[in-house]
Amino acid sequence: MAVPEICIKLSLSPTTHHFSNPTAPELSLTVTSNADQPLTFFTRGTLFDPRLSLRGDCFVITDLTTGFEVEQTPRLCTKRGAFKRVRGCDDEKHFLTIEPGLPTFVSFSFGGANGLRPVPRGSERNERVIDTAKGVDGLRPGHRYRLDVAEKPLRLWWHWGSKDDILVDRKDVGNRTLDSLEPEKASLRFAPVDGVEFSIEK
């Protein structure tokens with residue numbers, strides 16, 4: 001069976017953020033597949049993960065005003081148990097199915113996590129000076145930026161079938177973890193992803 005090609009389109013709304021605005025712009029990813037059957041990603045820690053994608057190496061932010069890449073807030077390493085593929089468990093939200101020929105939309109706030117108002121670089125929050133970026137948080141007013149998808153996060157766990165095919169019921173015994181289902185051996189092919197430019201104002 002041919003390895004499918006995945007297309008991702010980025011969009012940011014609005015494309016100009018004012019720090020007088022209490023909420024961050026919305027980042028949207030439109031995902032399509034050229035496969036003739038459903039396939040499912042495990043999204044935790046990838047660019048499709050609203051909680052972790054703005055930390056670490058999922059995206060690249062370039063300051064077009066200075067020409068330099070922006071240092072982003074690093075991801076904290078935490079230990080946890082094995083991921084489960086059980087219906088109704090907390091890990092279920094990490095399984096994303098892409099249906100053939102149909103766009104799938106993933107949207108989340110581009111900064112301002114946990115209801116916090118985005119602030120510029122050099123501001124103080126919770127007794128800490130903001131010196132790295134997380135979405136629009138920590139960027140400089142008066143600068144123009146470009147957001148791109150980093151290459152590394154485009155490698156991810158995937159399997160043929162829908163989420164419903166992959167998940168098991170709570171009453172089922174054995175084979176309840178993600179590791180119990182071998183991912184497809186071939187890496188997905190990703191079409192080039194166009195970046196999106198945006199501006200920051202006071």
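In this report a residue is called buried when its relative accessible area is under 20%, exposed when that area is over 50%, and partly exposed in between, with a 1.4 Å probe and protein chains only. The model is predicted, so local features need pLDDT of at least 70 and side-chain atom pairs count only at pLDDT 80 or more, while totals for chains, interfaces and linings use all residues. Residues are numbered from 1 along each chain as its sequence is written, and side-chain values rest on heavy atoms, with hydrogens and water left out.

**Aromatic pairs**

Rings of Phe, Tyr and Trp (its six-membered ring) are paired if their centres lie within 6.5 Å, and planes under 30 degrees apart count as stacked, over 60 as edge-to-face and the rest as tilted. A search of the whole structure on this basis returns seven aromatic pairs. One of them joins Phe42 and Phe95, whose ring centres are 5.1 Å apart with planes at 65°, so the pair is edge-to-face. This pair links distant parts of the chain, since Phe42 belongs to strand S4 (residues 39-42) and Phe95 to strand S7 (residues 95-98), 53 residues apart; strands (E, at least two residues) and helices (H or I, at least four) are DSSP runs numbered from the N terminus. Phe42 counts as buried because its relative accessibility is 7%, and Phe95 counts as buried at 4%. The rings of Phe110 and Phe198 also form an edge-to-face pair, because their centres are 5.7 Å apart and their planes stand at 90°. Phe110 lies in the loop between strand S8 (104-109) and strand S9 (124-125), and Phe198 lies in strand S14 (residues 196-201), so the pair ties together parts that are 88 residues apart in sequence.

| Residue | Relative accessibility | Class |
|---|---|---|
| Phe110 | 1% | buried |
| Phe198 | 1% | buried |
| Thr73 | 11% | buried |
| Lys171 | 69% | exposed |

**Two loop residues**

Thr73 is placed in the loop between strand S6 (68-69) and S7, and its side chain makes a polar contact with the side chain of Thr132 at 2.9 Å. Such a contact is a pair of N or O atoms within 3.5 Å, where within protein one must be able to donate a hydrogen and the other to accept it, and residues adjacent in sequence count only if both atoms are side-chain atoms. Lys171 is found in the loop between helix H1 (163-166) and S13, and although Lys171 and Arg87 are 84 residues apart in sequence, their C-alpha atoms are 10.0 Å apart in space.

Strand S1 (residues 5-13) has a covered face made up of Ile6, Ile8, Leu10 and Leu12, and an uncovered face made up of Glu5, Cys7, Lys9, Ser11 and Ser13. Strands are taken to pair if DSSP finds at least two bridges between them. S1 runs antiparallel to strand S3 (residues 26-33), to which eight bridges join it, and the partner of Cys7 in S3 is Thr32. S1 runs parallel to strand S13 (residues 189-190), with two bridges between them, and there Ile6 stands opposite Phe190.
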